[in-house]
Amino acid sequence: MTIDQSPIAVTLRAADVAVAACSRHALTFKGFGVLSGNSTSALLLDYKAEHPDRYWQLIRTLFGGEHPLMTCVKIEMGNDRNTSTGPNAAAMRERDAYPNVLREPGFHLAADARRVQPDVHISILRWCAPTWVKDNDDVYRWYKNTILACYREYGFMVNTVNPDINEHKPDLAWVAEFARRVRTDADGFLGNGPDDPNAGWRSETERDLFHAIRVITSDEESTGTFGPALLADAELRDAIDIAAYHYSSEDDESGSFTRLADDYDKEIWNSEAQAVFSNSADRPNNTNDRALGDGSRGTGIGGPGGPLEMANTIIKGFVTSRRTCVIYQPAIGACYGHLQYAAKELVSMRAPWSGWIYHDAGCAALAHFASFARLGWEPQSDDRDAARIRLVGEPRGCDRNVAPMVWRAIPQASGCTVAGRNPVNGARHGEPSYLTLTAPDGGDFSTVIVNDSALSRTYRIAVDPALAAAGRPLAVWRTAAAKPGERYDAGWLRRDDDIAPDLVPASVPDVDSRAISLVGVDSADALPSGYARWATVMVDVAPWSMVTVTTLRDVTPSPLPASDEGDRPVLDMDPARGVLYADDFRYVHAPDMEVSRADGASSMPYLDARGGDDGAVPRYTNDLNGAFEIVPDVERGHALRQQIDRAHVGAAWNDGDPRTAIGDMRWTNYRASVDVRFETGATVAHGALRHDDVVAGGIGTGGIGVAGTAAVDASPAYAMLGVREMGGAARPDDTCAYDLRLQPDGMWTLRRYGTVIAEGVVPANGRSSGDRTASVLASASLGMSDDSPAAPAAPAESDDIPPASADDWHRLELQAADAEITAWIDGERVARWTDPAPQTAGRVNLGSSFDYVRFSNLRVERVPGYAPTYTALIDDMHMVSWADSRTPVLEYAGEWTHENGQDMFTYMRTVSRTAQPGATLTHTFEGTGIDLFGRSDGGALLDVIVDGATIATAQPTVPTDGSLRAMFRVGGLPRDRHTVAIRLANAHELALDAVGVLA
C-alpha cells in the first residue's frame with residue numbers, strides 16, 4: 001500500500017474570513033452540549049446533595065470560565081417510560097397538573113450551568129409523550145406549560161425547541177405551526193380554569209422571552225431526510241430556524257444541508273452525537289489493529305470509539321454538512337454502570353456516596369476546540385453599539401449593523417477525508433482532518449488537527465498577510481497517551497514550544513482581491529506591508545494524537561480534574577452493624593438542598609428540592625422503567641411509591657415493567673429486605689385488568705406525531721425485590737440474577753434472570769404452601785473452593801404468619817450467599833435454592849407491575865461469614881495504575897489481545913482474549929479471592945497458582961450468557977495479600993471482561 005505522506009496544506013484567506021464574518025448562524029461555531037435524557041442524570045442530585053464541592057467543580061469544569069467546554073444543555077422531556085438507558089420523569093402526568101420541574105435532574109443541571117455561564121443555551125425535545133397528550137394542542141400545552149414552569153422556578157427561558165418526536169421523520173407542517181404559535185402566543189400559561197393563579201403571563205419579559213424561542217427540526221437518527229423540503233419551501237425555511245439530525249456526520253446525496261448553511265445561513269446541528277466509548281485512562285493498553293496490513297497493534301488513545309475518533313466526527317461534520325453544534329448523549333453519565341448504551345460519556349459519575357467523578361480524554365479533545373476560540377451564539381438583538389466590519393465587495397447577506405463576536409469556522413481552511421459517517425473511523429492511513437476557527441475580525445485563529453493513525457503527518461498552515469493574525473507567533477497544544485511513569489492524563493492538553501511563522505511569497509496562492517479590511521481601514525491599499533508574503537508554519541502531528549495551533553498564546557486551558565482509581569469506596573453504610581445500606585425513604589435528617597434561581601440560589605428542604613409531595617426523587621435510585629418517587633404516607637411519614645398505573649403507561653423504547661436500581665454493583669453476598677404494600681383500589685387479582693380503557697399504540701399513533709399508550713397485558717399485580725443486578729440487557733425486567741415477587745393474592749415466585757425457579761402461595765393464615773421448583777438449570781460449579789463458610793441459620797419456621805391482605809405491609813427478604821439463594825415473606829422462609837452457576841455480585845432492584853405499589857424500610861445487610869463486597873471491580877484493560885502508568889494491576893503473559901470497540905453490553909466496551917495454552921493473567925490484591933467475568937461457553941480450562949503454588953489444574957469455567965457474568969472463582973483464601981495467577985490449560989478461547997476482588 002502506497003500512502004501519500006507529503007505535507008497537508010491549510011490555507012487561511014482573508015476573503016474567506018470576510019464571508020464567514022457575515023454569517024450569523026451557519027458558520028458561527030456554537031460548540032458543544034450536554035444532553036440530559038434516558039435517565040443518564042439520575043444520580044446528579046445525589047452528587048449535588050452529598051458532595052457539593054465535587055458537583056460544582058464539575059459544573060465549573062464544563063460550563064465555567066472564559067472558554068467553557070460546553071455551551072448548551074439539552075433536556076429530553078419524559079413520560080416515565082424507558083427511552084434506552086432508562087426513563088425521564090414526566091413533569092405533567094395529567095393535563096391540568098402544574099408541571100413538577102423539580103423532579104427532573106436535567107432542569108436542575110440547566111439552572112446550575114446558567115449560574116456559571118449566564119448565556120448557556122438551553123434546548124428541549126421529547127421522546128414519548130404522557131398518555132393525556134392526544135393531539136397537537138396537547139403537545140403545545142405540555143411544552144408551553146413546562147417551559148414557563150421552568151422559567152418561574154429556575155429563572156431560565158428555553159432557547160430552542162424541537163416540537164416533534166425524537167429520532168423520527170419530521171412532521172414539517174406541525175413544526176412550522178408550532179413556531180407560529182410560539183411567536184404569536186397571547187395566552188401564556190394554560191391554567192386549570194379561570195381562577196388558576198398560574199394562568200397567563202407573569203410579566204412582559206416572560207412573554208417576550210417565550211416569543212423569542214427558536215424552533216428545530218428534526219433530530220432524526222442518521223442523515224436528515226428533510227433537507228430538500230426546506231430548500232424548496234421559503235415559508236418552511238422562515239419558520240424553522242435550525243436543521244438538526246443525529247450521529248451521521250454526512251450530508252444527504254444532494255448536499256442539502258451544506259446548501260442550507262451556505263446559501264441561506266441556516267444553523268445545522270449534530271444534535272445527538274456519540275462521545276467516547278470505554279475509558280481513555282486505560283485505552284493506551286490496547287492491542288487494537290493499526291490497519292496498516294503489517295499486523296502491528298496498539299493505537300494509544302486512538303482507535304475505535306476513542307477521543308480522536310470523536311474529534312474527527314466534529315471536523316467531518318462541519319466539512320461535509322456544516323455542523324457547528326455538537327451535543328453528546330450522554331456527556332455526563334450520572335447513572336449506574338453497565339446499563340444500555342453504557343460507557344459512552346465524557347464524564348462518569350457512578351458512585352454518589354463517594355463523590356467519585358472521572359473526566360475522560362474526550363473532554364481534553366473538546367478543549368482543543370473550545371479553549372482556543374470564543375464559541376456560542378451571536379446575540380439575537382441587532383442594536384449593538386459597535387464598529388462595523390468593512391468588506392471590499394460586501395458578500396451577499398452581510399449584516400453590517402452587528403459587530404460579530406463568536407468565532408467562525410472557515411470551510412476553505414478546513415478539510416477531512418476520513419472515511420465513515422458514524423463512527424468516523426477511517427483514519428488509519430493518516431487521512432487529513434483539520435478545522436480552522438477564526439475571530440470574525442481576522443485578528444486570531446486556531447487550527448485543530450487530528451491524527452488517528454500510526455503515521456506521523458506534517459501540516460503546512462499558510463495565513464493571508466491581509467489578516468491581522470498573520471505573522472504572529474503560535475502556541476501548539478497536543479493530546480496523546482501518557483508515557484510510562486506519568487499519570488494517566490499527563491499527555492492530555494500538553495503545551496509544546498511556540499513556533500514562529502516564516503514569511504514566504506511564492507508557493508501560496510495569491511490573495512483574493514475581496515480581502516477583508518481591518519476595522520477603520522477603508523481600502524485594501526491601506527493593508528499592512530508584506531501583503532504578498534504569507535505567514536507559513538510547518539506542524540508535525542505524531543501518531544495517535546491531536547494538536548491545536550493558535551495565536552491565543554496567553555490562553556491556558558483549565559486542567560481537567562484528575563481521578564484516582566482507588567478513590568471509589570464501596571457503599572458500606574455501617575460496617576460495625578453489618579449494614580451495607582438502609583433507606584426508610586423519609587429523609588428526616590437530610591440537609592437542605594440548594595436550587596439555582598434567576599437571582600442566585602435558594603435553600604429548600606431535601607424532598608421539596610427534589611419534587612416535593614407530588615413525587616420526589618429518592619436517594620441513590622436509577623429508574624430503569626416507570627417512576628419510583630417519594631410521597632407522603634399516613635403510616636410511615638413518607639414511602640417510596642411506583643407512580644405509574646396501567647392507565648398511564650405510555651410508549652417506550654424498551655418495554656417492560658417498572659424497575660429501579662439501588663446501590664453498588666460491587667455488593668456480593670448480602671441479604672436485602674423491604675416492606676411492600678399494594679394500594680387499595682390499585683390492585684389486580686388473578687390476572688384481571690384493573691382498567692378496561694388501555695389501548696395499544698405506539699409512536700406516531702393516529703398520524704399526529706403523538707406517542708400513544710402502550711399495550712399492557714393482563715398479568716397480575718406484583719411487588720418485586722431483586723438482588724445481584726449488573727445490567728447487561730436492553731429490557732430491564734429480567735436483569736436481576738435473582739428476584740422475589742409477591743402478588744396481592746399471596747402468590748409468590750423466585751426467579752433467576754426471569755426464569756421461575758420456585759413458586760408458591762402465602763395463604764391468608766398459615767404456613768406457605770412451600771417451594772415448588774419450576775425448572776432445573778444446567779449444572780456447573782463456580783469456583784474451586786469447597787471450604788466456603790456455612791450459610792447462617794434460616795429463621796425458624798412458624799405458623800404465625802400475618803394475613804396476606806393486599807392492603808397490609810408485607811416484608812420481602814432475599815439473601816444471596818455464594819450460590820445459595822434464600823427467600824422469606826413476612827419472616828417465613830419460602831424458598832432455599834442452590835444455583836449451580838451463580839451470579840456473584842450486583843445491585844438491589846425494586847420493581848412492580850404498572851400498579852401503585854409502596855416500599856418502605858429498605859435494608860441491605862452483610863451475611864456473616866461471607867465476603868460482602870468486592871473491594872474492586874477491575875476492567876480487563878486496567879493493566880497499570882492511573883497514578884504512574886507503570887505499576888502493574890492486571891498482568892498478562894503470553895498471546896493476548898486487548899481490544900476496544902466492543903458492544904454496549906461488554907463491560908466498558910473492552911475485552912481481553914487468549915486461546916494460547918499457558919497464557920496467564922496475574923493479579924496481586926488484599927482479600928479472600930477473585931472472580932473472573934466474561935462471556936463463556938464453559939470450554940476453557942484453567943490452572944490456578946496462588947502465591948507461587950499451583951493449587952488446581954484444568955478447572956472448568958462456567959457457561960455464561962453475558963459479559964458481566966461470573967465464569968470462574970478462586971475463593972476461600974485467608975484474608976491477606978495474595979498473588980493469584982490464572983493460566984489457560986487448553987487451546988480454547990478465554991474472553992475476560994472484568995475481575996472482581998473479594999473483600
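**Exercise 1.** In which sense do strand β46 and strand β52 pair, and over how many bridges?

Before you start: this is a predicted model, where local features need pLDDT of at least 70 and side-chain atom pairs count only at pLDDT 80 or more, while totals for chains, interfaces and linings use all residues. Residues are numbered from 1 along each chain as its sequence is written, and side-chain values use heavy atoms, with hydrogens and water left out.

*Solution.* 
- Step 1: find β46 at residues 929-933 and β52 at residues 994-998. Strands here are DSSP E runs of at least two residues, helices are H or I runs of at least four, and both are numbered from the N terminus.
- Step 2: check the pairing, which requires at least two DSSP bridges between two strands. β46 and β52 have 5 bridges and run in the antiparallel sense.
- Step 3: pick out one bridge. F933 has A994 in β52 as its partner.

**Exercise 2.** Now for a closed barrel: which strands form it, and is the pairing parallel or antiparallel?

*Solution.* 
- Step 1: trace β2-β3-β4-β5-β6-β7-β8-β9, a closed barrel of 8 strands with parallel pairing.
- Step 2: zoom in on β5 (residues 160-165) and β6 (residues 214-221), which pair in the parallel sense over 2 bridges. V161 is bridged to V215 in β6.

**Exercise 3.** Which element gives the most to the lining of the second largest pocket?

*Solution.* 
- Step 1: On a 1 Å grid over the protein atoms alone, a pocket is an open set of points with protein on both sides within 12 Å along at least five of seven lines, a cavity is a set where a 1.4 Å probe fits but cannot get out, and lining residues have an atom within 4 Å of a point. Points are joined across faces, edges and corners, and the volume is the space filled by probe spheres set on them.
- Step 2: the second largest pocket has a volume of about 1,000 Å³. It has 45 lining residues, and E565, R568, A872, L873 and I874 are the closest to its centre.
- Step 3: β11 (347-351), β12 (356-359), β41 (870-875) and β45 (920-927) are the elements giving two or more residues to this lining. β41 gives the most, with 5 residues.

**Exercise 4.** What is the volume of the largest cavity, and which residues lie nearest its centre?

*Solution.* 
- Step 1: the count is 11 cavities of 30 Å³ or more, and the largest has a volume of about 240 Å³.
- Step 2: 22 residues line the largest cavity, with S39, P87, A89, P105 and D623 nearest its centre.
- Step 3: β26 supplies the largest share of that lining, 3 residues.

**Exercise 5.** Are D46 and R610 buried or exposed, and what do they form?

*Solution.* 
- Step 1: the whole structure holds 61 salt bridges (a side-chain nitrogen of Lys or Arg within 4 Å of a carboxyl oxygen of Asp or Glu).
- Step 2: D46 and R610 form one, with their closest N and O atoms 2.6 Å apart. D46 is in helix α2 (residues 44-50) and R610 in the loop between α13 (606-609) and β26 (621-625), 564 residues apart.
- Step 3: both D46 and R610 are buried (under 20% relative accessible area; exposed is over 50%, partly exposed in between, with a 1.4 Å probe and protein chains only).

**Exercise 6.** How far apart are the closest N and O atoms of R843 and E725?

*Solution.* 
- Step 1: this salt bridge has its closest N and O atoms 2.8 Å apart.
- Step 2: R843 is in strand β39 (residues 843-848) and E725 in strand β31, so the pair ties together parts 118 residues apart in sequence.
- Step 3: the relative accessible area is 1% for R843, which is buried, and 0% for E725, also buried.
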